[in-house]
Amino acid sequence: MKRHLNHPVLLAGACVLGFGLTYLMGKNVLSGSLGDSMSSHAQQTSTATLIAGVPDEEICALSTTPCHTTSAQLELDTDIVRPMAPANLSVTWPKLDNNIKELIVELEGHEMMMGVYKAKLTRESDSPLFRGELMLPFCVSDAMTWKGRIIPTTINNDYQPQYISVRMKQ
């Protein structure tokens, strides 16, 4: 029976099932107009375009060591994310306008197509600090890298995305 678990179709199916469960669990977090606009955005954005053409040196590998970009500092409360286990993400982005109250995290599987995972980060009062939780879906692969971006919830393009990667292991 173990030899069947290594079959690529079964691996992909289990990962998709895990993503679907994570989506359903997180649907309440993204309900309302923000969730509707994000669903619409997901339909318009090919998953291959989240970080296409971005050099590796511009992608922050999220961990307990803060990652500094020209405009933000990003930090995760763990070095390795576990599937279906919450990980806390904080982003300090001083140059963002104070009327931006939320950031959107968009991630896609690097080694395996998993769709686009989305999460929301919320501003802490009037500070430049945003916090939120990542809960990546279950996958039968032992390890996987997620890559993507963090973007403000604004309709203008005045701010460059923060490009990120997250390492996940069972």
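Buried means under 20% relative accessible area, exposed means over 50%, and partly exposed lies in between (1.4 Å probe, protein chains only). This structure is a predicted model, in which local features need pLDDT of at least 70, side-chain atom pairs count only at pLDDT 80 or more, and totals for chains, interfaces and linings use all residues. Residues are numbered from 1 along each chain as its sequence is written, and side-chain values use heavy atoms, with hydrogens and water left out.

**Disulfide**

- A disulfide is a covalent bond between the sulfur atoms of two cysteines.
- The cut-off used here is a pair of cysteine sulfur atoms within 2.5 Å.
- The whole structure contains one disulfide, and Cys 60 and Cys 67 are its partners, with an S to S distance of 2.0 Å.
- The link between Cys 60 and Cys 67 is left-handed, with -75° about the S-S bond.
- Cys 60 is buried at 3% relative accessibility, and Cys 67 is buried at 14%.

**Aromatic pair**

- Rings of Phe, Tyr and Trp (its six-membered ring) pair if their centres lie within 6.5 Å; planes under 30 degrees apart are stacked, over 60 edge-to-face, and the rest tilted.
- One aromatic pair is found in the whole structure: Trp 93 and Tyr 159, edge-to-face, at 6.5 Å centre to centre and 75° between the planes.
- Trp 93 lies in the loop between β4 (87-92) and β5 (102-109), and Tyr 159 in the loop between β8 (143-152) and β9 (162-169), so the pair ties together parts 66 residues apart in sequence.
- The strands named here are DSSP runs (E, at least two residues), numbered from the N terminus.
- Trp 93 is buried, with 2% relative accessibility, whereas Tyr 159 is partly exposed at 23%.

Technical notes: Helices (H or I, at least four residues) and strands (E, at least two) are DSSP runs, numbered from the N terminus.
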